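Please keep the sequence and the structure in view while reading.

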Amino acid sequence: MPLLKKLSPFYTLSLFYIIASFILRFVLLFHPITQASFSGIDIFKIFVLGILSDSFVFVILSVFLWLYLLFISNSKYLKPTGYIIFGVLISLFLYVAIGNTILNEYGGALPEIGMAFIGLKTLLFGLLLFLPKYRDTIRFWLFSFVIFLFVTLILQNAISEFFFWNEFGVKYNFIAVNYLVYTNEVIGNIMQSYPVIPIFSALFLLSGTITYFIVQHSKNYLESIPSFTEKIKISGLYLLILALSLVTVPFFATKENSQNIFTNELQSNGIYKFYLAFINSELDYFKFYKTIPNQEAYATLKKQIPGISSESTSRTIIGKGKEMHKNVVLITIESYSADFMTAYGNENNITPFLDELANQSLQFTNLYAVGNRTVRGIEAVTLCFPPPAGESVVKRKDNKNKFSTGNVFKQKGYHVNYLYGGDAFFDNMEDFFSGNGYGVIDKKSLSPSEITFANVWGVCDEDMANKAIQVMNAEAKTGKPFFNHWMTVSNHRPFTYPNNKIDISGDAKSRDGGVKYTDFALKQFFVMAKKQAWFKNTVFVIIADHCASSAGKTELPLDKYRIPALVYSPGFITPQKFKQLMSQIDVMPTVMGLLNFNYQSKFYGQDVLQSDYKPRALIATYQDLGLIKDDVLTIISPKQRVKQFQLSLKPEQKMAAEFQLYYDQVLIKKERTDLVKETISYYQTASDMLNKKKFQK
């Protein structure tokens with residue numbers, strides 16, 4: 001049989017993978033979230049370079065198929081070889097089952113997984129050894145099962161990439177890697193958000209049908225198993241193409257360099273992007289980003305943050321009057337974009353309570369979230385620190401004893417707690433907050449009688465509102481002030497919540513419903529809070545953790561980072577609109593300024609109500625780090641890349657001037673070196689502070 005025919009399992013599966021990838025790209029190109037126009041060059045890169053990249057990625061992935069096919073033979077079942085191999089497999093199984101192996105040292109389910117794998121291999125080998133009449137039939141069905149697994153994984157990956165794009169507007173990235181760690185929440189979220197049974201039923205039916213055709217075109221490998229010499233030739237050819245693929249795939253990734261971010265995402269291979277995100281979870285700023293001498297970086301930063309000394313952000317904050325130790329309740333709302341609110345142009349009336357409360361508050365109308373994950377929002381309001389490259393401080397090993405808002409309040413004699421309706425193990429929140437002096441009150445703290453509704457993310461916001469009132473009443477009885485940080489959960493896919501609370505059914509699983517229910521739950525919280533003796537002596541800070549979506553035409557689309565924020569305290573805070581540009585990291589230093597706190601600060605965030613405040617905002621992904629200032633967005637990225645965009649307002653008639661959201665972002669050809677240096681100064685010094693442990697409390 002010609003050697004090419006004996007490669008049929010490889011090229012039939014490869015052709016299927018390429019077809020599936022082509023269809024996926026086509027679907028994503030016309031997905032509603034893909035808000036961009038594409039030139040002829042863009043289309044060429046997406047479908048030609050993208051498909052070439054897919055081909056080489058499949059070569060790498062098919063290493064398991066190569067190994068499986070390599071060991072298909074009849075000679076290994078001859079006497080005495082077959083009996084020796086069978087004896088070795090039985091001995092290995094018994095050793096894993098009874099002995100203390102390396103799998104036991106790693107713990108978890110690994111010993112059971114090892115036993116299952118070796119046991120299955122032993123059973124199948126025994127059947128093939130002792131039932132020679134049925135060997136061809138058994139081998140055919142095993143071969144079909146292997147092909148079925150490959151087909152199912154290819155289809156499953158395509159479906160996963162579609163839903164990931166549907167949620168984030170990008171191929172796999174750092175978020176997908178994080179999802180591997182929190183399988184309970186993620187699988188639960190999928191189960192509650194999508195019709196899983198119909199999807200998987202269709203998936204397995206389609207996989208079975210495709211497997212049938214692929215097996216029919218590749219079973220000749222079994223009918224005429226290659227000889228040892230032929231396997232050497234096949235392996236040599238495969239290893240040569242594999243070596244070429246290992247070089248070519250990264251090369252094609254360097255060609256994802258269009259100004260249109262959607263082009264780059266559609267051109268990329270999702271599996272390779274997942275691999276890159278996995279190995280780059282923590283980025284060494286000084287290795288990957290453009291730098292300047294450290295002394296110069298701190299000198300530049302000092303011009304932006306008056307009063308810092310030497311190579312640190314340490315400085316003394318003196319209040320304008322007598323310190324006031326009012327209670328402070330910080331509420332961070334899950335996935336809450338500015339454009340959910342009426343003032344920012346929303347016409348669906350999904351935030352009636354917050355719309356009303358905003359007019360009674362100090363409202364920050366031009367504020368940007370630092371990132372697009374909850375951990376970034378937590379980091380911003382807790383550490384008041386620029387988003388570091390790679391993983392958030394919240395999820396790093398070195399995340400304890402940092403200089404934090406809780407630390408400042410604790411120095412002032414406050415009770416300090418973090419309240420969360422889900423399991424605070426998620427996103428490493430419990431480890432982070434407990435390691436920084438907070439008490440942690442989460443779903444585990446609620447008794448069954450206190451839970452009226454829950455989904456995979458935790459108890460509904462009303463239940464946590466009731467718990468928060470209970471906690472604050474207990475704290476008030478001690479005579480000490482309290483600082484409580486409450487993180488909501490209900491405005492998160494699958495957007496399920498108790499029925500008959502708002503005019504959108506919880507069964508609809510809609511984003512608008514999630515937003516409106518959270519607004520309703522906050523109203524219930526304030527109805528209860530106003531009845532408490534401590535209410536009049538309390539400052540409430542309400543802010544989003546991040547926007548509902550971060551997808552856009554550029555690396556950092558401004559409208560996808562704009563969030564609402566307000567400070568409410570009747571009789572203490574005068575209702576007004578603060579219209580200057582500011583960052584999420586500035587909110588808590590500003591609140592401390594309103595309370596006239598005297599303290600030694602290390603925060604990068606500033607009191608924006610001070611006369612020496614210079615308007616700017618920091619926004620970032622896990623790789624692209626940005627600074628908005630003087631109508632310019634400067635972005636620094638790995639490989640020492642720098643981009644700058646001129647920002648031009650696109651006025652919307654239905655919004656007042658201070659709430660305008662949308663900007664054209666036009667690439668600047670002549671670099672603003674002063675803003676590049678200032679951007680570097682924020683992120684380089686932040687990395688330096690973390691590396692040298694200068695941001696400890």
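Is Cys460 buried or exposed? In this predicted model, Cys460 counts as buried because its relative accessibility is 2%, and buried means under 20%. Cys547 counts as buried too, at 5% relative accessibility. Cys547 is in no disulfide; the nearest cysteine sulfur belongs to Cys384 and is 19 Å away. The count of disulfides is 0.

Next, the helix pair. The axes of α7 (residues 135–168) and α10 (residues 196–218) come within 8 Å and cross at roughly 135 degrees. That angle makes α7 oblique to α10. The crossing of α7 past α10 is right-handed. On the α7 side, the contact residues include Phe140, Phe143, Ile147, Phe148 and Phe163; on the α10 side, they include Ile199, Phe200, Leu203, Phe204 and Gly208. Of the residues in the contact of α7 with α10, 16 are nonpolar, 7 are polar and none is charged.

Asn428 is not a glycine, yet has a positive phi of about 65 degrees; Asn428 sits in the loop between β5 (415–420) and α20 (429–434). Lys639, also not a glycine, has a positive phi of about 70 degrees. Lys639 is placed in the loop between β17 (632–637) and β18 (641–649), and is exposed, with a relative accessible area of 59%.

Methods: Residues are numbered from 1 along each chain as its sequence is written. This is a predicted model: local features need pLDDT of at least 70, side-chain atom pairs count only at pLDDT 80 or more; totals for chains, interfaces and linings use all residues. Side-chain values use heavy atoms; hydrogens and water are left out. A disulfide is a pair of cysteine sulfur atoms within 2.5 Å. Buried means under 20% relative accessible area, exposed over 50%, partly exposed in between (1.4 Å probe, protein chains only). Axes are lines fitted to C-alpha atoms, for helices over the stretch in contact, and angles run from 0 to 180 degrees between N-to-C directions. Helices (H or I, at least four residues) and strands (E, at least two) are DSSP runs, numbered from the N terminus. Angles under 35 degrees count as roughly parallel, over 145 as roughly antiparallel, 65 to 115 as roughly perpendicular and the rest as oblique. A crossing is left-handed if the near helix is turned anticlockwise from the far one by less than a right angle, and right-handed if clockwise. Contact means heavy atoms within 4.5 Å. Ala, Val, Leu, Ile, Met, Phe, Trp, Tyr, Cys and Pro count as nonpolar, Asp, Glu, Lys and Arg as charged, and the others, Gly among them, as polar.
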